[in-house]
Number of protein chains: 2
Amino acid sequence: MQPTVIDLTVASRNPACDNRSVLYHDYPGQHCSIAASLEVVGERWSLLIIRDILRGRRRFDQMQESLGIARNVLTKRLNRLIEADIVERRRYQTGPDRYEYFLTEKGLDLWPVLMAYLGWGDKYCEPETGPPRLIVHKECGGTVNDRRICQKCGRELEVRDAESIPGPA
Amino acid sequence: MQPTVIDLTVASRNPACDNRSVLYHDYPGQHCSIAASLEVVGERWSLLIIRDILRGRRRFDQMQESLGIARNVLTKRLNRLIEADIVERRRYQTGPDRYEYFLTEKGLDLWPVLMAYLGWGDKYCEPETGPPRLIVHKECGGTVNDRRICQKCGRELEVRDAESIPGPA
DNA sequence: CACAGTGGGTTGCATAAAGAAACTCTAATG
DNA sequence: CATTAGAGTTTCTTTATGCAACCCACTGTG
């Protein structure tokens, strides 16, 4: 299994993507950053879509198949994420227009959330086999913990400093 | 900007992850710690309930009012969390039985996820007013970042080392 | 004693969202 | 000319959520 090369080029908000969809999640009376975040990405599929894009699945059908999500729901989610400036849609072909989805800087900044879930899941969902994948520091090869700190060199890492390799499982 | 190699794919399905509880979320074909975590707590209210309990709202009506969640849904969520061993229900009075809800160790271990969401939300949802709440190190009073590191004394903190106080907003 | 209030839920019904599957559209390929 | 691929729509069904009302066993108040 070879890792996928991902272009993390970041772009600005695309005003062409108009969408009248509303944020149907409304946690009333919450003046809390956690609640505010959850309004945007705290919903069934969003984080898995973001993980998939991070993983290199940039196209509609790839994501749909990998996630097993209904196609109409995937459409809605992607539009919501685009509207929230987390995902960017780029046409890679005209004629029949074809698109790929990329994470914006804001989307990439959700990496800590994914790492936190990964750490928790490794501890409680895969306790005896060990983590199915390890996140390692590209430069020195040390494993990265859920604080995004390299266990070998001690550096505090950003998303671009790390990669995922098969774990002991 | 150079391409980044990231692969959060996960290889093998672990039967230990199977839970006889009714996980109505089923992300088919996902054999990944992130997906596994989201099956348990990646749903509309769970994390907010956990946040509430962490902040000391331990009783049904307190949570119901603070969250604005429907009562029947709160019942269901709490039962799911209890079943998943994230929340523990303790009777504090007999006669008419009265209960309080506490986090188990497993529940407390979700603190990193909350801190990651908090960090993201502070950055993107409350950019001008500043964070509505600050997490501080109880011992030295320094603020805690989303790596759960005290900015003042540099220590790596656990959930019991920190507390939440009103922020500048 | 009557009656309101409190804590911790259930029940029933209406609506909103998710899922499954079929359909569309355009262009390229055989 | 038929088929395939990518990226969605459309339609229909199932599931989840929200809302309001109700229940029950006390407890405190006049």
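I started with helix H3 of chain A, residues 60–67, in this predicted model. I asked which of its residues are buried. I noted Met63(A), Gln64(A), Ser66(A) and Leu67(A). For the spacing I kept one rule in mind: an α-helix has 3.6 residues a turn, so residues three or four places apart point the same way.

Next I looked up what covers the buried residues of H3(A). I found helix H2 (46–55), helix H4 (71–83) and strand S3 (98–103) of chain A among the covering elements. I also checked the residue just after H3(A). Gly68(A) has a positive phi there, about 70°.

Then I turned to DNA strand C. I counted 23 residues around DNA strand C. Nearest come Asn72(A) and Arg77(A) from chain A, with Arg89(B), Tyr99(B) and Tyr101(B) from chain B. By class I list 9 nonpolar, 4 polar and 10 charged residues on this surface.

Which element gives the largest share of the surface near DNA strand C? I found H4(A), with 4 residues. From chain B, helix H3 (60–67), helix H4 (71–83), strand S2 (87–93) and strand S3 (98–103) each supply at least two residues.

I then asked which part of DNA strand C faces the protein.

- Arg89(B) has a polar side-chain atom 2.4 Å from a phosphate oxygen of DNA strand C.
- Arg71(B) places a side-chain N or O atom 2.8 Å from a base nitrogen of DNA strand C.
- Arg98(B) has a side-chain N or O atom 3.0 Å from a sugar or linking oxygen of DNA strand C.

Notes. Residues numbered from 1 in each chain as written. Chains lettered and ligands numbered in written order. Predicted model: local features only at pLDDT ≥ 70, side-chain atom pairs only at ≥ 80, totals over all residues. Heavy atoms only, no water. Buried < 20%, exposed > 50% of the residue type's maximum accessible area, 1.4 Å probe, protein only. Contact = heavy atoms within 4.5 Å. Near = heavy atom within 4 Å. Polar contact = N/O pair within 3.5 Å; in protein donor to acceptor, adjacent residues only side chain to side chain. Nonpolar A, V, L, I, M, F, W, Y, C, P; charged D, E, K, R; others polar.
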